[in-house]
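Open the structure in your viewer and keep the selection tool ready. This short tour tells you what to select at each stop.

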Amino acid sequence: MTTKSTLTAISPKPLPEGTHTCWSCGSMRAAHFCESCGKVQPPTPVDYFTFFGLPPKLTVDVAALEKEFYELSRRLHPDLNARAGSREQEWSLEQSSMLNDAYRTLRDPIKRTEYLLHLEGVALEEQSKSATERARATGEIKKQIVPPDLLEEVFELNMQLEELRMNKKMGEDDPALTAEISQHKHALEAKHEALLQELETYWTDWDNLIDRSFLDQNQGSKAPAEERAKITAKMVDVLNRRNYIRNLVRDVNVALED
Amino acid sequence: MSYSDKVIDHYNNPRNVGSMDKNSTDVGTGLVGAPECGDVMKLQIKVNPATSVIEDAKFKTFGCGSAIASSSLATEWVKGKTVDQALAIKNMDIVKELSLPPVKIHCSVLAEDAIRAAIGDWKKKQESGKPVAAEAK
């Protein structure tokens, strides 16, 4: 994956070799257009943060991002470049498509976080598998990604859902059970919401780390991989719990509606 | 995606579905989950304290066909084995037996985790039981 190595250098970073100058007028160019002649430039393979000229931080000014998005989509719109050369048309089409992907990913708090984890090379399933292998080798108990009390809750609720489905199949109605499940669902939804707030505290940790590593980099030291991993692990943990709860709430809704 | 015949067989006729008293000292309980698919798997074993042989195993899984088949197979395999023999079961053994496709490997990982968690729980009970017994004498 090429995105990972580009991220360790962290923007604002120089564009790849040979893309510094405008293809048309030879001036130094901005990310997507030449600053001098304004012509659209060929797309460069960068991550979504870099595409918007942003550092890879998780606290994003969504209003400013939206403004930038509309501005760029206007200028990159293929119709606007209809009279340009076919090369330019093709580039604006490619840039537009990347712009849409980048905007959709970065404006959403969860997608943004997942994208950053992806850039950091975090592979959830691979992590779980290697943890199992470690447990096998050492004989130690594997730490479950989902905390035991949440697992108990998920299991109990699934048992109740099974009962509910069974009742419905038999044409029976159990208002007490339905009420209990609904109540449970509301509690889960509140937990789901609270997890987003917890996630935001890790964003702050991450952003501070990025700010600090910029300073360190200027002094020639390396990006603190261990510290990064510590924070991304916390984010993974929150996302896992959140996914679990989301899936469960979805199952409850299906069972209640049926 | 199509399931293998063995998965379908375990899915339609799951072996050893049920539960045991989790407070019994002979019973070990493993409760594990996979957040990416929302699966939750409970596997319980009843161990003979004198021989360390797993005499009975039960499971209850909420999840996809592969998760149900993996845990059903796991209960079949651990029964009659000693605790140490059961710890030697690897997720790839389950993958091979059930011909699980790569996207379903996490189901087999979950089943191995469940076996380990159940045995871990049982072992913990045996250790915590000993000092009390020593004091009683």
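This is a predicted model: local features need pLDDT of at least 70, side-chain atom pairs count only at pLDDT 80 or more; totals for chains, interfaces and linings use all residues.

**Stop one: two helices of chain A**

Select residues 148–169 of chain A, which form helix 7, and residues 225–257, which form helix 9. How do these two helices run relative to each other? Their axes come within 10 Å and cross at roughly 10°. Angles under 35 degrees count as roughly parallel, so helix 7 and helix 9 of chain A are roughly parallel to each other. Helix 7 of chain A passes helix 9 of chain A in a left-handed crossing.

Now show the side chains at the contact. From helix 7 of chain A, pick A:Leu150, A:Val154, A:Leu157, A:Leu161, A:Leu164 and A:Arg165.

Move to B:Asn16. Find this residue in the loop between helix 1 (5–12) and strand 1 (27–34) of chain B. Check the backbone: B:Asn16 is not a glycine, yet its phi is positive, about 60°. Is B:Asn16 exposed or partly exposed? With 19 other C-beta atoms within 10 Å, B:Asn16 is partly exposed.

**Stop three: another loop of chain B**

Select B:Ser99, in the loop between helix 4 (91–98) and helix 5 (105–136) of chain B. B:Ser99 also has a positive phi, about 50°, without being a glycine. B:Ser99 has 12 other C-beta atoms within 10 Å, so this residue is exposed.

Key: Residues are numbered from 1 along each chain as its sequence is written. Chains are lettered from A and ligands numbered from 1 in the order in which they are written. Helices (H or I, at least four residues) and strands (E, at least two) are DSSP runs, numbered from the N terminus. A residue is buried if 20 or more other C-beta atoms lie within 10 Å of its own, exposed if 12 or fewer, and partly exposed in between; C-beta atoms are placed from the backbone. Axes are lines fitted to C-alpha atoms, for helices over the stretch in contact, and angles run from 0 to 180 degrees between N-to-C directions. Angles under 35 degrees count as roughly parallel, over 145 as roughly antiparallel, 65 to 115 as roughly perpendicular and the rest as oblique. A crossing is left-handed if the near helix is turned anticlockwise from the far one by less than a right angle, and right-handed if clockwise. Two residues are in contact if their C-beta atoms, placed from the backbone, lie within 7 Å.
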